[in-house]
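Subject: Handover of a structure, with notes

Hello,

Here is the structure I said I would pass on. My notes follow below it.

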Amino acid sequence: MVISVKLLEGKKVAQALDETMAKRVESLKEKGITPGLAVVLVGDNSASAVYVRNKQRRAEKLGINFQLIRFEESVTEQELLAKIDELNNDSAIDGFLVQLPLPDHIDEDKVNEAISPNKDVDGFTPISVGNLWIGTPMTKPATASGILMMLDHYNVDLDGKNVVIIGRSNIVGKPTAALMLERNATVTITHSHTKNLKEITSKADVLVVAIGRAKFITQDYVKDQAIVIDVGMDRDENGKLCGDVDFDDVKDKTSMITPVPGGVGPMTITALVDQVIELAEGRING
Ligand SMILES: Nc1nc2c(c(=O)[nH]1)N[C@@H](CN(C=O)c1ccc(C(=O)N[C@@H](CCC(=O)O)C(=O)O)cc1)CN2
Ligand SMILES: [Mg+2]
């Protein structure tokens, strides 16, 4: 029997979606609107610097006006909040985000609360989160939104599907649950205190893994023909980039699976730029 596994290639989907997004930017520019995105980067976390550079590259490639605001690791909370206030009131900026993680002396919750929900491209403010859960999202967190955009691209219908998410973070697990619930999936969120994890995950039609542990998910966690979405970005024993899923062990048991790299990661940035364009499009109707 030939088993065919379909790779969910976020990198290729991202490239395919770029064309439509570039057209949307062009059409905005014809109306005198240039979408503006600002990113605030604190300190010198090398991974964060790479992600921000990728955001800048993608934004500029699509014709979005990109502003990078860098602060030293030692920046005070007050200075950071003052910059957020400035960006909230900058009419050239449709949306902005503060790259995470932040240094320990800065209260992430305070930072999120200071961002205007109207410009919250990350969808992390309490008002954005509330709107997401009542099904009236203003903005959507990029990783969760990117996962949905990718599944849509491959015509995966979530209606009635049994979805299990491993990881309950505000950035990935919870917003992915909210968006999939909105698509009429039956969603279970599991986490580090969950008992009998394997028993739960092995019933999942769609398994989303976001735990930050290299190759943790082996085939005994996975139902036959499941769709497996790996949000992890870890290093294996040789220092090579890998996901939370042991790809080689699991892939033949799945119907669809994301690679790492080249799966969810690039879709995160696609969803972010899509969100910026959508906010700029909102300027037309006021
Ligand atoms: N304010 C925010 N901070 C963080 C977010 C976020 O959405 N908002 N998410 C992550 C980091 N992140 C975007 O910010 C991000 C991570 C990874 C990728 C990506 O393209 N990954 C590649 C691999 C890259 C590599 O080689 O290291 C892939 O998976 O193919 C994009 C965005 C935490 N902080
Ligand atoms: Mg959108």
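Which helices and strands each supply at least two residues of the shell around ligand 1? They are α2 (46-61), β4 (95-98), α6 (142-153) and α10 (264-281). Helices (H or I, at least four residues) and strands (E, at least two) are DSSP runs, numbered from the N terminus.

Some conventions before the rest. This is a predicted model, in which local features need pLDDT of at least 70 and side-chain atom pairs count only at pLDDT 80 or more, while totals for chains, interfaces and linings use all residues. Residues are numbered from 1 along each chain as its sequence is written, and chains are lettered from A and ligands numbered from 1 in the order in which they are written.

The ligand shell

Ligand 1 is surrounded by 21 residues, where a residue is near a molecule or strand if its C-beta atom, placed from the backbone, lies within 6 Å of it. The closest are Tyr 51, Leu 100, Pro 261, Gly 265 and Thr 268. α10 gives the largest share of the shell, 4 residues. By type, the shell has 13 nonpolar residues, 7 polar and 1 charged. Here Ala, Val, Leu, Ile, Met, Phe, Trp, Tyr, Cys and Pro count as nonpolar, Asp, Glu, Lys and Arg as charged, and the others, Gly among them, as polar.

The domain assignment of the protein gives domain 1 (33-116) and domain 2 (142-265); such bounds come from an automatic or database domain assignment. Ligand 1 lies between the two domains, because both give residues to its shell. The C-alpha centres of domain 1 and domain 2 are 28 Å apart.

Two cis peptide bonds

One cis peptide bond joins Leu 100 and Pro 101, with omega about 5 degrees. Another cis peptide bond joins Val 260 and Pro 261, with omega about 0 degrees.

Helix α1 (residues 10-30) has 21 residues, which should span 30 Å at 1.5 Å a residue, and its end C-alpha atoms are 30 Å apart, so the two values agree. The expected span is 1.5 Å times one less than the number of residues. α1 has a kink of about 30 degrees centred on Asp 18, the bend at a residue being the angle between axes fitted to the seven residues ending there and the seven starting there. Buried in α1 are Gly 10, Val 13, Ala 14, Met 21, Val 25 and Leu 28. A residue is buried if 20 or more other C-beta atoms lie within 10 Å of its own, exposed if 12 or fewer, and partly exposed in between, with C-beta atoms placed from the backbone. The cover over these residues includes α6 and α10. Just after α1, Gly 32 has a positive phi of about 85 degrees.

α6 has 12 residues, of which 10 are buried. Its buried residues pack against α1, α7, β7, β8 and α10. Just after α6, Asn 155 takes a positive phi of about 55 degrees.

Single residues

Ile 229 is in strand β8 (residues 226-230). Ile 229 counts as buried because 26 other C-beta atoms lie within 10 Å. Leaving aside neighbours within four places in sequence, its contacts are Ile 147, Val 206, Leu 207, Val 208, Val 209, Thr 258 and Val 264; two residues are in contact if their C-beta atoms, placed from the backbone, lie within 7 Å.

Asn 184 is in the loop between α7 (173-182) and β6 (186-190), and is exposed, with 12 other C-beta atoms within 10 Å. Lys 215 is in the loop between β7 (206-209) and β8, but is buried, with 20 other C-beta atoms within 10 Å.

Regards
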